[in-house]
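Here is a set of questions on how the labels on a structure are reached. Each answer sets a value against its cut-off.

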Amino acid sequence: MLNNLTIAQAKKLLDQKKLSSSELTKFYLDRIKKLEPKISAFVTITDKEALKQAEKADKLISQGAKKLLLGIPISIKDNFNTKGVQTTASSKVLEGYIPPYDATVVNLLKEEGAVIVGKTNMDAWAHGSSTETSDFGSTKNPWNIKRLPGGSSGGSTASVAADEVVISIGSETAGSIRQPAAWCGVVGLKPTYGRVSRYGVIAMGSSLDSPGPITKTVEESAFVLNILAGQDKFDATTSPKNVEDYTKNLNQKISDLKIGISKRYFDQCEKDVKDSVMQAIKVLEKLGAKIIEIDLFDPQYAIAVYTIIQRAEVSSNLARYDGIRYGNGRDKFGEEAKRRIMLGTYALSAGYYDQYYNKAQKVRTLIINDFKKAFSQVDVIIGPTSPSTALPLGASKGHPMFGEMADVLVEPSSIAGLPGINVPCGLSSENLPIGMQIIGPQFSESLILNVANQFEKNTDFHKASPNI
Amino acid sequence: MSKVTLDIDHVARLANIPLQSNEKSTFSKQLEETLIYVEKLEEVETKNTEPTSQVTNLENVTREDVASPSLTQEEALQNSKSTYNGFILTNAILEEQ
């Protein structure tokens, strides 16, 4: 009866005293214990701390306290600093590092009473789309343990798909929430850059990084964004724009909605992916939305732009890891991190800056303008999240641009700082999840959540869960 | 398409990444492969385009210059492997004359 609880369902059980947070937390810790040998979604399991937090939550519940996540077990990607709990970003450089402070996002979740059961696995430093570049071993996809979960938030999406937690928190630079959400069959929201604070998140591409929720339903995604969104004095790139109540517009009719689709986003997709997403768009059309063909910039250029900008920002961000103030020496960097740091260093080095970095920043402007033009004709853009379903374990090995290829359809919108959400929209002939993404203009989270929720309400794909 | 040449020793030194000699040729090849891929950007006309370095359009974000609670000295040093009298101890970086 506890299977696949949503936040609202879990809260109801807690509020009606049918279950204590301690019991609920034990239920998930038992599942984690049972499932981890198969899927390895976690780097660190914080069972003792979680049970303490749950006890505290129970006390508050008995006193009638109302907090948005009071007593709800969640997981957090291992690139968020958690005070007193090892934080590694899945890299051996940070093995043993115990942060003396909480990331703003972690702080907000704790203030709302969430029970953190552990830190989830990821591609080391979030460099990748497979979770296979983790220095602590790959996470496996709960739908098929011979497949990759995607990445870099693959541990987070696997922990939600396998129902090891109610929800998880991930981060996306370009695809790291949406792509693993698609491969694991869960809802993943990448907010507008600047909507959610990056303070205390181990930096990857600072002009791109966006933390966001990973959930089983769209409603939960909106509910968690309400907690995470807002200006933070510790992150000067957070927006001063007012935070809306993202749950308010979930049930608006979409009969006047104009949806843009770009043929280029379907061209390189597996047939099952293409068919499912086209079917999903038809569902929205039946609800009254108008489908308009648009011509977006070839996403292949976004790959090249992203490759340069991201590697350049990585080389700068990872220069701080010297093993002096914290962490271990630079000899502990894994292969992927070394490759990215060196490429970025080269692209920024004297004599090459204009050719690579400056050129990429100019094409970035063109991609942003291209989306602006598109959004003057349509309200949202819909397409497949990933060109394929989950690939076999080992698929990323020896491919220096594996991540870029798996993320070809999410990179353009990330470069432009736009919000996007993955919603499960089908299963392939091999019983692997397929995801569709809904992209909107900057700060249009309410709208894309509305569209996603209308789709979810009229379909059953979100109810499918892996048999694990 | 131009030929990309990359001096892996020079790049590794700039990046402060220690490399084993057997890694050098693999990385060299892979980095060159990636650089050839990104040459695609040369196909895009950008003569009259300004570069974008950030997407928030926020500028000159400032705050009041007032002190607020921060990490204690103990907390700030808790992860360092080598401390002395409340400081972090490192090797000298300047040579004596």
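Q: Which residue stands opposite Ile167(A) in β4(A)?
A: Ile74(A) does. The model is a predicted one.

Q: What makes β2(A) and β4(A) count as paired strands?
A: Pairing needs at least two bridges. Strand β2 (residues 73-77) and β4(A) have three bridges, in the parallel sense. Therefore they pair.

Q: How do you know that β4(A) and β6(A) pair?
A: They share five bridges, and the sense is antiparallel. The cut-off is at least two, so the pair qualifies. In this pairing, Ser171(A) stands opposite Pro211(A).

Q: Why is strand β4 of chain A called mostly covered?
A: Six of its six residues are buried. A residue is buried if 20 or more other C-beta atoms lie within 10 Å of its own. Ile167(A), Ile169(A) and Ser171(A) point one way, while Ser168(A), Gly170(A) and Glu172(A) point the other way. Residues on both sides are buried.

Q: Why is Lys373(A) called partly exposed?
A: Lys373(A) has 13 C-beta neighbours inside 10 Å. Exposed means 12 or fewer, and buried means 20 or more. The value lies in between, so Lys373(A) counts as partly exposed. Lys373(A) sits in helix α12 (residues 354-377) of chain A.

Q: Which residues have the most contacts inside the largest nonpolar core?
A: They are Ile74(A), Val305(A), Ile308(A) and Met342(A), in a core of 149 residues. Helix α10 of chain A gives the most to this core, with 10 residues.

Q: What is Met342(A) in contact with, leaving aside its neighbours within four places in sequence?
A: Its contacts are Val11(B), Ala12(B), Ala15(B), Ile17(B), Phe27(B) and Leu31(B).

Notes. Residues numbered from 1 in each chain as written. Chains lettered and ligands numbered in written order. Predicted model: local features only at pLDDT ≥ 70, side-chain atom pairs only at ≥ 80, totals over all residues. Helix = DSSP H or I, 4+ residues; strand = E, 2+ residues; numbered from the N terminus. Core = buried A, V, L, I, M, F, W, Y, C linked by C-beta atoms within 7 Å. Contact = placed C-beta atoms within 7 Å.
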